[in-house]
Amino acid sequence: MKVLKVGDTQKAVCYKCEGVKNTTFDLRDVPFSDGSGIVKNILVGVCETCDQVIAIPHQSTPAIKKELEKHK
C-alpha cells in the first residue's frame, strides 16, 4: 500500500466533471452520504477542476470506521 500525504497528486475519475482529472490530496471534513455524521480531518483526493472530494485513500479507512462505529 502506498502511503499518501498532503500535497501528493495523481489522476482520478471525477463524476461531476465527467472525466479523468488531476487530484491533489488534502485534509477535509467529509460527511456520510446518508447525512448521519461527518468524519473530520481525513486525507482525501480533491479534483483540481471542481474542488470536490473524488478519492479516499486506504489510510483514511480507520478514521472512517471509527466514526461509523460511534453512530451505530
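View 1. With a relative accessible area of 49%, Val6 counts as partly exposed (buried is under 20%, exposed over 50%, partly exposed in between, with a 1.4 Å probe and protein chains only). Val6 sits in the segment before β1; strands here are DSSP runs of E with at least two residues and helices are runs of H or I with at least four, both numbered from the N terminus. Setting aside neighbours within four places in sequence, Val6 touches Phe25, Asp26, Leu27 and Leu43, where contact means heavy atoms within 4.5 Å. Have a look at Val44 too: its C-alpha atom is 8.7 Å from that of Val6, although 38 residues separate the two along the chain.

A word on what you are viewing: this is a predicted model, in which local features need pLDDT of at least 70, side-chain atom pairs count only at pLDDT 80 or more, and totals for chains, interfaces and linings use all residues. Residues are numbered from 1 along each chain as its sequence is written, and side-chain values use heavy atoms, leaving out hydrogens and water.

**View 2. The salt bridge between Lys5 and Asp8.** The closest N and O atoms of this pair are 3.5 Å apart; a salt bridge is a side-chain nitrogen of Lys or Arg within 4 Å of a carboxyl oxygen of Asp or Glu. Lys5 is exposed at 56% relative accessibility, whereas Asp8 is buried at 17%.

**View 3. Arg28 and Asp51, joined by a salt bridge.** Their side chains meet at 2.8 Å, N to O. This pair ties together distant parts of the chain, 23 residues apart: Arg28 belongs to strand β2, and Asp51 to the loop between β3 (38-47) and β4 (53-55). Arg28 is partly exposed at 23% relative accessibility, and Asp51 is also partly exposed, at 46%.

View 4. Glu67 is buried at 17% relative accessibility, while Lys70 is exposed at 58%.

**View 5. A nonpolar surface patch around Tyr15.** Val13, Tyr15 and Val20 make up this patch of about 360 Å². Tyr15 is found in the loop between β1 (9-14) and β2 (19-31) and is exposed, with 71% relative accessibility. Patch members have over 30% relative accessible area and no salt bridge; like charges are joined within 9 Å, and nonpolar side chains (Val, Leu, Ile, Met, Phe, Trp, Tyr) within 5 Å. Areas come from the Shrake-Rupley method with a 1.4 Å probe, and for residues only the protein chains shown count as cover.
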